[in-house]
Amino acid sequence: YNVGSVDENYGKSGLAHFLEHLMFKGTKKFPTNYFSKFISSNGGSENAFTSFDYTAYYQTIPAEKIEKIIELEADRMQNLTLTKEQVSTERKVILEERYQRIDSNPSSILDESLRKSLFPNHTYGTPIIGWEHEIKSLKFNDVFNFYKKYYVPHNATVVLSGAIDLKTAKKLTKKYYGKIKSNKKTIERLSLSDPNILTNSRITYNNPDIKQKIWKRIYKISSYKESIKDGIALDIGLKILAGGSTSILYDEFVKKRKMVSAIGGYYQGMARDKATVYFYAIPNKGIEILELEKLIDENMLDASNNKITKEKFEIQKNNYEYEAIYLRDSVSKPAQIIDEALTIGMSLDEIENWNENLKNLTIKDVKAALRKFIKNKNYVTGILG
């Protein structure tokens, strides 16, 4: 569904995730656990997740049972039976989930604050699970109205992957989703942007439970939606710079200087609006974090100018292509990639021809993308411990 936490009104955080939970409560025709029991009794599996930009439900099932799955999904798109008691019960489950995932995890607490500082006005700064006090205040009508507004055919994408042909897919989709009434009016969405932040932000979090210091930084950056080629160039550049044990920063700070036990960074480019780059370093005992931060900045600049070699570029470029091919070698992963890309506003042609952007990509493009990234001052720095 083309709805995520980004679409929630202020004061109503957690609605998209709340509804994801409630979508498993059943309908009049298929009550309570019928859906899940059907899947498990046929050797299948299911799950769901909420992101900032979309909410996904997926099942893996023997091919001959696909019609029933389509029927069940179409049914709960329009006929979900919600009660105030269910909402009250599930609220407790979600609050416990928030406690376990965020409130009892110092690193997650810091991440939540970093993201809110990076996106002070945009709803990308609101946690997907919601703020605790707002989860507690959500009413039955909040959830039900959210369901009726966003859970409609023209706001959903169905991807069928595996042993099914196009003719059958069209026939079954029309048979079950074609019955659902939909006025196809454009859905009005919350559209917020952030002001230009001219100050440097540094957030620290410390409590007695923190045993290990961590340095973090989150950047606001352009997404794949703005330019696939630029996104791939940045992604490859960051893999060379900070992507695991073969990266330039790992070699410098873990192997040579022995200042950190781990260091890395990665691009999260699949976003409807602005994307992010996430960096982290775990300093060894006795290492001053501010001195480490200064050295990381210096080495990132030096690496972009002097250490992005032709050999490193070719290795990562080939790896990128191989990984894209490997991701097609499953039933579920291609479906997820297609669904995610379509939902954030990309086209099928862009997805299908993704690696075409690699063919003409040069080391010059990668260096330029890294230099532009390093000049980007739109970031928030965090220190844990």
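At 44% relative accessibility, Glu356 counts as partly exposed, a label for values between buried (under 20% relative accessible area) and exposed (over 50%), computed with a 1.4 Å probe on protein chains only. Before going further, please keep in mind that this is a predicted model, where local features need pLDDT of at least 70, side-chain atom pairs count only at pLDDT 80 or more, and totals for chains, interfaces and linings use all residues. Residues are numbered from 1 along each chain as its sequence is written, and side-chain values use heavy atoms, with hydrogens and water left out.

Glu356 has a salt-bridge partner in Lys359, with the closest N and O atoms 3.3 Å apart; the term calls for a side-chain nitrogen of Lys or Arg within 4 Å of a carboxyl oxygen of Asp or Glu. Both residues belong to helix 15 (residues 356-359), where three residues, about one turn of the helix, separate them. Helices here are DSSP runs of H or I with at least four residues, numbered from the N terminus. Lys359 itself is exposed, at a relative accessible area of 58%.

Glu97 is buried at 13% relative accessibility, whereas Arg101 is exposed at 55%.

Now look at a pair that links distant parts of the chain: Asp142 sits in helix 7 (residues 140-150) and Lys12 in the segment before helix 1 (15-22), 130 residues apart. The salt bridge between Asp142 and Lys12 has its closest N and O atoms 3.1 Å apart. Asp142 is buried, with a relative accessible area of 17%, while Lys12 is partly exposed at 29%. Elsewhere, salt bridges join Asp7, Asp53, Arg189 and Arg272 into a network. The count for the model comes to 28 salt bridges.

What about the nonpolar interior? In soluble globular proteins, nonpolar side chains tend to be buried together.

Terms used. Helix = DSSP H or I, 4+ residues; strand = E, 2+ residues; numbered from the N terminus.
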